Amino acid sequence: MKIKATSLFALTACVPTFSIAQRYNIVYIMSDDHAQQMISCYDERYMETPNIDRLADEGVRFDNSFVANSLSGPSRACMLTGKHSHKNGFKSNERDRFDMSQPMLQKYLHEAGYQTAMIGKLHLNAWPTSGFDYWTLFSGQGDYYNPVFFNQDGSKEQVKGYVTDIVTDKSINWLEHRDKSKPFAIWVHHKAVHRDWMPPMQYLREFENKTFALPANFYDDYAGRQAASTAEMGIDKHMHLPYDVKIYSPGDQGGLASWYVGNVERLDSADQKAYWAVYDSITADFKSRHLTGKALAEYKYQRYMRDYAKTVKSLDDNIGRIYDYLKANNLLDSTLIVYTSDQGFYMGEHGWFDKRFMYEESLRTPLVMRLPKGLKAHGSIKEMVQNIDYAPTMLDIAGVPTPKDMDGVSLLPLLKGERPKNWRKGIYYHFYEYPAEHAVKRHYGIRTNRYKLIHFYNDIDTWELYDLKKDPTEMNNLYGKPGTEKITKKLRQQLEELEKQYDAPKV
Ligand code: SGN
Ligand code: CA
């Protein structure tokens, strides 16, 4: 059934409770694949992100922020619907097309009188049909250099420059030209810092002298974890030399090598020259070393970390630009600024890049918020929150009650500084994209404050149990071990309760 935006309120009995003048603006900035490990307010080991840190310093940092399905499109669908994947219908990037006629966050906000815009990566394999006053989006993943934007009116344009700068330019431009009589919500959706981590021109040489510490479980042997042992996302085995690591000599063969060169060749010729000057010298250095075995794996890790950090640095700069704009225009007091990613990422933990697994690094996602005047919370928030909560939260901010069919809950009480006693005790997770790239098996499970129970299924049938207090890096699968019977039974019960609550598929 096609639902018109005008019928949404009839469906859900949503009535704005504030007058328009009191409602906060929303600036929602989301990157792609940004690991908490690469944000200094979460983790000081690797790099500085002063602009993201400032949002947290002046507001809140969620310490237990999780996704419901660790993949781009599915995450975005969860965020925009407030529903788990099985309810919003978008379970897989590769197989699904999002049904844009369903109720969505931007439609509710628009209906409630907000001016709305989305800029950058949406990745739902369909264009928005309603609820936005303005959108300009990539087709699929988009490109780092001289990217192409597709517009609401059916036109498209290629814009010269680096994608993170351009998404920010377009966002500021919309803010500048919006109808200033209305509250607004803007979704600033970056391509960065997604694979293959193409650096901005000004940071080509940045981090090149830095050596990043190897995670303690870089040489994981995956003992007792069958699904982890068959995944194809190892820095050692699966990270591609030309495409990912950027070790390339003319004549290197293979689809991914030509993809890489194609990416570089999107640059204008002067920039291509500058690019190759840096990366040819890195390739020459690499070839002179004749690395094999662990030395080669660790070399790839360093290159990965450096290029990834370059894309993060430009992202952080651009978050600073948005902040500066809001400050210069006296909008900080009336605006909620959110920074998050579509999921977390492995920075060498378990020897990996990519995401998908329900293990901590990819289940977690950064979430910091700078709060408008009147919301009193400050510092770190420990309650478990999930990306299905973003839509109810933004609606609450706008004075719109949470629609009854949403799975998420509003985080507004937490933003007011309250500590609700009956906060959720566990989160539900479900990953569906298999068989597919990176070969991560289908799985679902529950995470509580201390434990995690996961069931891998489809062409496998294995359970995993972790005590996150004793084993935070999830190296020791306790499932079936003597002494774990009671906790396993309890977690299975809690999982069943969540499945019931969310009407989740029984596997
Ligand atoms: C691309 C990447 C994958 C990545 C998926 C999903 N391969 O297919 O490494 O897991 O996107 O990422 S690439 O060769 O095209 O770089 S997601 O964040 O969009 O879900
Ligand atoms: Ca992503």
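User: Where does Asp 196 sit?
Analyst: Asp 196 is in the loop between β8 and α7 (226-230). Helices (H or I, at least four residues) and strands (E, at least two) are DSSP runs, numbered from the N terminus. This is a predicted model, in which local features need pLDDT of at least 70, side-chain atom pairs count only at pLDDT 80 or more, and totals for chains, interfaces and linings use all residues. Residues are numbered from 1 along each chain as its sequence is written, chains are lettered from A and ligands numbered from 1 in the order in which they are written, and side-chain values use heavy atoms, with hydrogens and water left out.

User: What kind of peptide bond joins Arg 195 and Asp 196?
Analyst: A cis one, with omega at about 15 degrees. Tyr 434 and Pro 435 are also joined by a cis peptide bond, with omega about -5 degrees. Pro 435 belongs to the loop between β13 and β14.

User: What does His 438 contact, leaving aside neighbours within four places in sequence?
Analyst: Arg 195, Ala 231, Glu 232, Met 233, Phe 353, Asp 354 and Arg 356. Contact means heavy atoms within 4.5 Å. His 438 itself is in the loop between β13 (426-431) and β14 (442-448).

User: Is His 438 buried or exposed?
Analyst: His 438 counts as buried because its relative accessibility is 6%. The cut-offs are under 20% relative accessible area for buried and over 50% for exposed, with partly exposed in between (1.4 Å probe, protein chains only).

User: OK, metal next. What are the protein donors of the calcium ion (ligand 2)?
Analyst: Asp 32 (OD), Asp 33 (OD), Asp 342 (OD), Asp 342 (OD) and Gln 343 (OE1), at 2.1 to 2.7 Å from the ion. Donors are N, O and S atoms within 2.8 Å of the metal (3.2 Å for Na, K and Ca), and sites may look incomplete because water is not among the atoms. Along the chain, the donors of the calcium ion (ligand 2) have the spacing D-D-x308-D-Q.

User: Why does the pair Asp 32 and Gln 343 tie together parts that are 311 residues apart in sequence?
Analyst: Because Asp 32 is in the loop between β1 (25-31) and α2 (50-57), while Gln 343 is in the loop between β9 (335-341) and α12 (360-363). Asp 32 and Gln 343 are both buried.

User: Which geometry does the calcium ion (ligand 2) site get?
Analyst: Irregular, with angles of 52 to 170 degrees among the 6 donor atoms. Four donors are tetrahedral if all angles lie between 85 and 135 degrees; four are square planar and six octahedral if opposite donors are over 155 degrees apart and all others between 65 and 115; anything else is irregular.

User: Switching to helices. At what angle do α2 and α11 pack?
Analyst: About 50 degrees, with the axes of α2 and helix α11 (residues 293-328) 7 Å apart. Axes are lines fitted to C-alpha atoms, for helices over the stretch in contact, and angles run from 0 to 180 degrees between N-to-C directions. α2 and α11 are therefore oblique to each other. Under 35 degrees counts as roughly parallel, over 145 as roughly antiparallel, 65 to 115 as roughly perpendicular and the rest as oblique.

User: Which residues meet there, in α2 and α11?
Analyst: Pro 50, Asn 51, Ile 52, Arg 54 and Leu 55 in α2 meet Asp 316, Asp 317, Ile 319, Gly 320, Tyr 323 and Asp 324 in α11.

User: And how do α6 and α11 pack?
Analyst: Helix α6 (residues 163-177) makes an angle of about 10 degrees with α11, and the axes are 9 Å apart. So α6 is roughly parallel to α11. Contact residues include Thr 164, Ile 172 and Leu 175 of α6 and Leu 315, Ile 322 and Tyr 325 of α11.

User: How many residues of helix α3 are buried?
Analyst: In α3 (residues 72-81), 10 of 10. Gly 82 follows α3 and has a positive phi, near 70 degrees.

User: How many residues of α13 are buried?
Analyst: 7 of the 8 residues of helix α13 (residues 390-397), so α13 is largely enclosed by the rest of the structure. Gly 399 follows α13, with a positive phi near 85 degrees.

User: Which phi does Phe 207 have?
Analyst: Phe 207, not a glycine, has a positive phi of about 70 degrees. Phe 207 is in the loop between β8 and α7. Phi of His 350, another residue other than glycine, is positive too, near 60 degrees. His 350 is in the loop between β9 and α12, and is buried with a relative accessible area of 1%.
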